[in-house]
Amino acid sequence: MSNIDRGKDLVEGSSRSPGDQPAPLSRYESQKRRDWNTFGQYLRNQRPPVSISQCNSNHVLEFLRYLDQFGKTKVHLQGCIFYGQPEPPAPCTCPLRQAWGSLDALIGRFRAAYEENGGSPGTNPFASSAIRVYMREVKECQAKARGIPYKKKKKKVGGSESKGDDDCTSSHRPFS
């Protein structure tokens with residue numbers, strides 16, 4: 001192929017010869033595709049199976065809680081002697097969970113994948129207020145459990161800054 005033909009292909013939107021393979025996906029795109037396929041499989045395994053068009057925020061929350069069993073982040077419970085210590089001196093029996101940052105990145109990939117696969121931004125279950133509330137609770141819970149103060153951004157108009165010291169595991173509990 002001559003340089004003129006290559007330039008013509010680029011201008012017309014084609015940069016490949018008929019025998020060329022498509023460019024490999026970026027790490028982000030590969031992860032997004034893997035995550036989307038995993039979530040689709042999770043929905044198909046429900047009894048009865050759930051299609052992506054029937055999926056709502058409750059299905060997403062169930063999936064996020066299901067993922068906790070594969071987590072690698074120790075989250076101390078309030079009764080644990082190491083609760084609130086950033087670097088505990090000994091092991092304990094508190095559960096491993098998915099880290100907030102991992103869940104946050106996952107939700108971002110799901111939001112994008114949903115719309116790329118034909119979903120409407122207005123009906124995106126990954127962008128619902130229930131998911132935002134859950135994610136905020138996970139973040140606060142994990143911060144408290146590790147003794148790292150989580151400061152909410154101050155609003156310009158007055159309001160409460162703290163929710164109290166209730167048991168933060170209530171909505172972040174894996175299935176048994």
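Helix axes are lines fitted to C-alpha atoms over the stretch in contact, and the angles between their N-to-C directions run from 0 to 180 degrees. In this predicted model, the axes of helix 2 (residues 27-44) and helix 3 (residues 57-67) approach within 11 Å and cross at roughly 105 degrees. A search of the whole structure also finds four salt bridges, and three residues, Glu29, Lys32 and Glu116, are joined in a network of such bridges.

**Packing of helix 2 and helix 3**

- Angles of 65 to 115 degrees count as roughly perpendicular, and helix 2 and helix 3 are therefore roughly perpendicular to each other.
- Helix 2 contributes Thr38, Phe39, Tyr42 and Leu43 to the contact, while helix 3 contributes His59, Val60, Glu62, Phe63 and Tyr66.
- By class, six nonpolar, two polar and one charged residues make up the contact of helix 2 with helix 3.

**Helix 4**

- Helix 4 (residues 100-116) has 17 residues and, at 1.5 Å a residue, should span 24 Å; its end C-alpha atoms are 24 Å apart, which agrees.
- The buried residues of helix 4 are Leu103, Leu106, Ile107, Arg109, Phe110, Ala113 and Tyr114.
- These buried residues pack against helix 2, helix 3 and helix 5 (129-145).
- Gly118 follows helix 4 and has a positive phi, near 95 degrees.

- Side chains of opposite charge can pair when their charged atoms come close.
- Glu29 and Lys32 form a salt bridge through their side chains, with an N to O distance of 3.1 Å.
- Both Glu29 and Lys32 belong to helix 2, where they are three residues apart, about one turn of the helix.
- Lys32 also forms a salt bridge with Glu116, and the closest N and O atoms of this pair are 2.6 Å apart.
- This second pair links distant parts of the chain, with Lys32 in helix 2 and Glu116 in helix 4, 84 residues apart.
- Lys32 counts as buried at 4% relative accessibility, because buried means under 20% relative accessible area.
- Glu29 is partly exposed, with a relative accessible area of 30%, whereas Glu116 is exposed, at 53%.

**Salt bridge between Arg97 and Asp68**

- The side chains of Arg97 and Asp68 meet in a salt bridge, at 3.9 Å from N to O.
- This pair links distant parts of the chain: Arg97 is in strand 2 (residues 96-97) and Asp68 is in the loop between helix 3 and strand 1 (73-74), 29 residues apart.
- Arg97 is buried, with a relative accessible area of 4%, and Asp68 counts as buried at 1% relative accessibility.

Conventions
Residues numbered from 1 in each chain as written. Predicted model: local features only at pLDDT ≥ 70, side-chain atom pairs only at ≥ 80, totals over all residues. Heavy atoms only, no water. Helix = DSSP H or I, 4+ residues; strand = E, 2+ residues; numbered from the N terminus. Parallel < 35°, antiparallel > 145°, perpendicular 65-115°, else oblique. Contact = heavy atoms within 4.5 Å. Nonpolar A, V, L, I, M, F, W, Y, C, P; charged D, E, K, R; others polar. Expected span 1.5 Å × (residues − 1). Buried < 20%, exposed > 50% of the residue type's maximum accessible area, 1.4 Å probe, protein only.
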